[in-house]
Protein chains: 2
Amino acid sequence: MTLAFRWTSAHLQLRIAVVGANGATGLELCSLLLAAGHAPERLVCTARAARSLTIGHSTLPVQAHNDEVVAQCDLAFLCTPSGVSRELAPRLVARGVRVIDLSSALRMDPHIPLVVPEVNGDLLEAQPRLIANPNCTSAIALLPLSVIERLYGLAEVIVVSYQAASGAGAPGLQALRAELADVGAGGRGERAQDSPFAAALALNVIPAIAEVDAQGHSGEELKIVDELRKILRRPDLIVEASTARVPVERCHSVAVHLLTQREVHLPDLYAALDAAEGLVLVRDPHGPRPRECAGADPVSVGRVRAGNRGPRSLSFFAVGDQIRKGAALNALQIAGRLEPAP
Amino acid sequence: MTLAFRWTSAHLQLRIAVVGANGATGLELCSLLLAAGHAPERLVCTARAARSLTIGHSTLPVQAHNDEVVAQCDLAFLCTPSGVSRELAPRLVARGVRVIDLSSALRMDPHIPLVVPEVNGDLLEAQPRLIANPNCTSAIALLPLSVIERLYGLAEVIVVSYQAASGAGAPGLQALRAELADVGAGGRGERAQDSPFAAALALNVIPAIAEVDAQGHSGEELKIVDELRKILRRPDLIVEASTARVPVERCHSVAVHLLTQREVHLPDLYAALDAAEGLVLVRDPHGPRPRECAGADPVSVGRVRAGNRGPRSLSFFAVGDQIRKGAALNALQIAGRLEPAP
C-alpha cells in the first residue's frame, strides 16, 4: 500500500494526540496513522467521554480529555468543535505542543497558516507551531482550482456543492441510514430523531448547510469564499457559493463554473490535471461520482469543459472524500511535511 | 380545489388525445384532466402497447396507437419520444388536430412557439396549432428568472441542477426504489437492472443527464441554454448549466447564480417573487426542498440573496415538480389559454 502522506521513521517516534477522537474525523485520523505503522502506544486519544476505539485488529483507549496528557505529546490534532479549539489550541501551543486544528476556529486568523499541502504547502517550510486545516468542501474544490490558477490565473469562481450526510459527522450518517431503512421498509423516511439536519435527508435535498446569516449566506458558503481566497493567496478573487446537503453517505461533490485571466487551452489543462499531485482526471462523461470515490485519497475531477462565457470560461465537476482529503488526510499530509522534531 | 389551469365548459367539450399515455407524464396529464372534470369518454389515450390506466375511481383504456383515432380529436398532447413526435406532430396538424408536443423534437424550431404561459403566454394569442412544451428543468428555472428579467434585465445566468429520478420517467423511479430497497435490507444498492442511469443512483450523484457531446456538454445542459434564450426571447443571453441526477423521487431543484443589467433592490424583488403567478417565495432558510414540493403546482423559490459580484449579482434556489410544472401542468396551462374551438 502506498501512503498518501509522508511518514518517516522520525515521524513514527512522535507522540501524537488526537483530541475529539470519537468523531468521524478523529476515527479516520487514528485509522490512517495505524495504517502508516504508527504504534498505538504513541497515540493518545481524548474526547469528552472515555471509551475505546476498535480499528481493524487494534483497540485504542480514548481518555476523557484533560490538557495534561495532551501537553506531553509532540503533536496534537484537534478534531474538536470551534469553541473548544479556539481555547485549547493556544493553550497547547504555549506548552510546546505543535497543533493542527481541524475546526474552523482559527482558519481566518491572518497569523495562522491555513494549508492544503498541494496548493500552499510552502507555508510549512517556516515550521509553524499552529496550523489550520481547511473546510472539507474548500479542500476538495481547491485541488483542481489551484491547477487552473497556476496555468491561467483565476478571475471568478462559482462553487455549487452536493454534500454528503457524513459531513455532519456520525450523527448525520446515522440519521440518513435510519431514514433510508424506513424507506426500504415501505415507510416515508421521515426526519430521524436526533438528526442534525433541518429536515429529512432521505429522498431530499437541503439547500443550506449550517446557519444562514441575515444576508442569506450559509455558514458553509462563507467558509468556502473566505478559504479559497486565503489558501490561493488571492484576497481579491471573486467567489460565490451555493451549498446543499444530498442523500449521499460519503464524499462531497462540487459543480464549478469559473472565469480565468488568460485564455484556456483545454489539452494543456487536461494534461496538467492528469499530472497534478492528489488529483485524478476522470474521462467517464457521467463521472466522477461520490459512491465510487468513497475511501479514496485523491480528489477526482471530470466533466472539464469550456463555458459559454468566452475563451476564459470553464466548468468542471469534482468529488472527494470529505473525511479523507477534506479532513483527516489533509491534516496528516500537513504533519508529514513538517520536520518531526518534538 | 382550485385548478392551476383554466378549464372552461367549452374546454370540457373538447375531444382530447393523450399519446404516450403509459408514461409518467401521460399519466399525470390524464389525472389532471379528470380532476378538472373532463369526461373520460372525451379522453382518447394511446401508447405503443394497449393497457388500461386506473386513476382514482376511473379506468381509462389505452389503445395501441394509430393515427386515425387521434385524428378525430380536437387536441392532442404528445408524451412521446422525440423521434416519434417529430413525425407525428406535423401529420396530426395536417389533419386538423391542434398539437401540444411535450418532447424536445420541435422546441428549437423558430416557427413553433415554445411556451411557459407565465413567461411568454402572449404567443398563444395567435392561436397556434402546434405548440412545444419546454424541458422540465428549464420551465422550473424560468419562473423566478422571468420575474428578474422583467424587473432588472438578465445579463448572465448559471444554472446548476439537482434532478429527480422520475425525470427519467417510471423506469428511473423504479430503479431508485429498487436500489433503496436493497440498501434498506442491508445491501449496497448496486445499480438496478434496467436502470436508465449510467450508475447506481441510490446514495450517489450522477453528474450528467443524457448523452455528453464532444465539447463536454450534456444533452440536458444544451436544452437549458437553448430554451432559456428562446422562452425569454433573449438569444443574446449568456447561459451556462451543469446538470446532475440525485437520489430524489420527484421534483427538480436548481441553484442559480446570475448577473442582471440593472442594480437589484432585494425588497422589491422579494415582493415581486411573492406576487408572481405560479411561484411561491419560501422564507425557510433551509428550503425549499424537493420532498415538500412533490405534487405541488407552483414552483418554490428561496435562498434569494445578493451575490459577491457587485450590486447586479444574485443567487437563488428553486424547486418544482418536474412532472407537473415541468411537463403535464405546463401543457395543460397552454391548452387552457387557447381558444377551445375544435
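How many salt bridges does the structure hold over all chains? In this predicted model, the total over all chains is 48 salt bridges. One of them joins the side chains of E68(A) and R95(A), with an N to O distance of 2.8 Å. E68(A) belongs to helix α3 (residues 67-71) of chain A and R95(A) to the loop between α4 (82-94) and β6 (98-101), so this pair ties together parts that are 27 residues apart in sequence. E68(A) is partly exposed, at 43% relative accessible area, and R95(A) is partly exposed at 43%.

A salt bridge is also formed by E249(A) and R177(A), whose closest N and O atoms are 2.8 Å apart. This pair links distant parts of the chain, 72 residues apart: E249(A) is in the loop between β9 (238-242) and β10 (252-260), and R177(A) is in helix α7 (residues 169-184). Relative accessibility is 23% for E249(A) and 45% for R177(A). In the salt bridge between E292(A) and R289(A) (2.9 Å, N to O), E292(A) is partly exposed at 46%, whereas R289(A) is buried at 11%. A network of salt bridges links E156(A), E240(A), R309(A), E156(B), E240(B) and R309(B).

Chain B superposes on chain A by a rotation of 180 degrees with 0.0 Å of shift along the axis (RMSD 0.0 Å). The two copies are therefore related as by a two-fold rotation axis. G184(B) is the residue of chain B that comes closest to this axis, its C-alpha lying at 2.1 Å. Because 100% of the interface residues of chain B are also interface residues in chain A, the copies meet through the same surface.

R291(B), in helix α10 (residues 290-293) of chain B, is buried at 17% relative accessibility. Residues touched by R291(B) include R188(A), E190(A) and L203(A). A polar atom of the R291(B) side chain lies 2.9 Å from the backbone oxygen of A202(A).

Key
Residues numbered from 1 in each chain as written. Chains lettered and ligands numbered in written order. Predicted model: local features only at pLDDT ≥ 70, side-chain atom pairs only at ≥ 80, totals over all residues. Heavy atoms only, no water. Helix = DSSP H or I, 4+ residues; strand = E, 2+ residues; numbered from the N terminus. Buried < 20%, exposed > 50% of the residue type's maximum accessible area, 1.4 Å probe, protein only. Polar contact = N/O pair within 3.5 Å; in protein donor to acceptor, adjacent residues only side chain to side chain. Contact = heavy atoms within 4.5 Å. Least-squares fit on C-alpha atoms with pLDDT ≥ 70 in both. Salt bridge = Lys/Arg side-chain N within 4 Å of Asp/Glu carboxyl O. Lists of a residue's contacts leave out its neighbours within four places in sequence.
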